[in-house]
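Subject: Structure handover

Hello,

Here is the structure I said I would pass on. Please open it next to this email and follow along.

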Amino acid sequence: MRTRAGSIEIENAMIEIGFRPALPRLGLILLATDMTTERDVARCIPGEMAAFHSTRVAYANPTTPENLRKMLVHLGHAAELILPGEPLRAICYACTAATAVLGEEAIQAAIHAARPAVPVITPLGAAARGFAARRVRRLAILTPYLAETALPVACFFADAGFDVLRATYLGMEDDRRMAEVDDATILAASRAADHPEAEGLFISCTALPAMALADRIEAEIGKPVLTSNLACIEELTAAAEGRLPTSSTNVGDSA
């Protein structure tokens, strides 16, 4: 090949090419505005255990049921963009409020239209299974949302067979600001959301940076605490290890 500097010749190296052992691969579908989930997953799933690959889905605030419903038509295309043609152990759709509004069946159908047979993880499904595995039936719930968005989250657990003793919301409408809530606020809100007869506390929203505080809150209130991201990460880890649990979210199925 001629260049300004003269001729360049290229030649085949003629060596055998080796390949690294394949890691389990996990897919994440994130909101366009998500600031928290990738960081939390990276903290908990080491690179030698699995590789995670994320894509984004169009979303615009405020976090209302109407806006959350608009994401459904984009989920199939988002799933298609995650390593086309490569096997995935699971795909996690990382939006708690949208799971409550859209329903798990609709989300799974949309993703499976693009990636058939790949297990689909949602924050609420994972949390329901996580609490059932911990033999927790009576719940307190903390959400950062508006009241109209918090209610479907509480209803999801009630429909799954849990007794929701208290459901508390912070009245926030922008998930980007939810991602900036400080530790002191999350700790105080968790104490306020607890109920003396509750057996566990669920802290909703993948944007809310509550996962790192879960152990501390659990120690303070003396009962199991799951956050949206912690629940998802438990199931992503299980998927990486080839032990993803049943898709049932009904607490009675694990009793």
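A cavity is a set of grid points where a 1.4 Å probe fits but cannot get out, and a volume is the space filled by probe spheres set on the points. Please keep in mind that this is a predicted model.

Cavities

The structure holds two cavities of 30 Å³ or more. The volume of the largest cavity is about 100 Å³. Its lining is made of 13 residues, of which L31, C95, D175, C205 and T206 are the closest to the centre. By class, that lining has eight nonpolar, three polar and two charged residues.

The second largest cavity has a volume of about 40 Å³. The residues that line the second largest cavity are T37, D40, V41, C92, A94, N229, C232, I233 and L236. Two helices, α1 (37–44) and α11 (228–240), each supply at least two residues of this lining. The most comes from α11, with four residues. Sorted by class, the lining of the second largest cavity has six nonpolar, two polar and one charged residues.

Strand β3

Strand β3 covers residues 25–31, and six of its seven residues are buried, so β3 is largely enclosed by the rest of the structure. Buried here means under 20% relative accessible area. Strand β4 (residues 51–57) runs parallel to β3, and seven bridges join the two. In one of these pairs, I29 has T55 of β4 as its bridge partner. Between β3 and β4 the chain passes through α1, and this β-α-β crossover is right-handed.

β3 also pairs with strand β5 (residues 90–93), in the parallel sense and over four bridges. There, L28 stands opposite C92 in β5. C92 is also among the residues lining the second largest cavity.

Backbone exceptions

Most residues other than glycine have a negative phi, and most peptide bonds are trans.

- N61 and P62 are joined by a cis peptide bond, with omega about 10 degrees. P62 lies in the loop between β4 and α2 (65–69).
- A117 has a positive phi, near 75 degrees. A117 sits in the loop between α5 (104–112) and β6 (120–121). A117 counts as exposed because its relative accessibility is 73%, and the cut-off for exposed is over 50%.
- C205 has a positive phi of about 105 degrees and is not a glycine. Its loop runs between β9 (200–203) and α10 (214–221). At 8% relative accessibility, C205 counts as buried.

Regards

Definitions and conventions: Residues numbered from 1 in each chain as written. Predicted model: local features only at pLDDT ≥ 70, side-chain atom pairs only at ≥ 80, totals over all residues. Heavy atoms only, no water. 1 Å grid on protein atoms, 1.4 Å probe; cavity = no way out; pocket = protein on both sides within 12 Å on 5 of 7 lines; lining within 4 Å. Nonpolar A, V, L, I, M, F, W, Y, C, P; charged D, E, K, R; others polar. Buried < 20%, exposed > 50% of the residue type's maximum accessible area, 1.4 Å probe, protein only. Pairing = 2+ DSSP bridges. Right-handed = clockwise from strand over helix to strand, strands pointing away.
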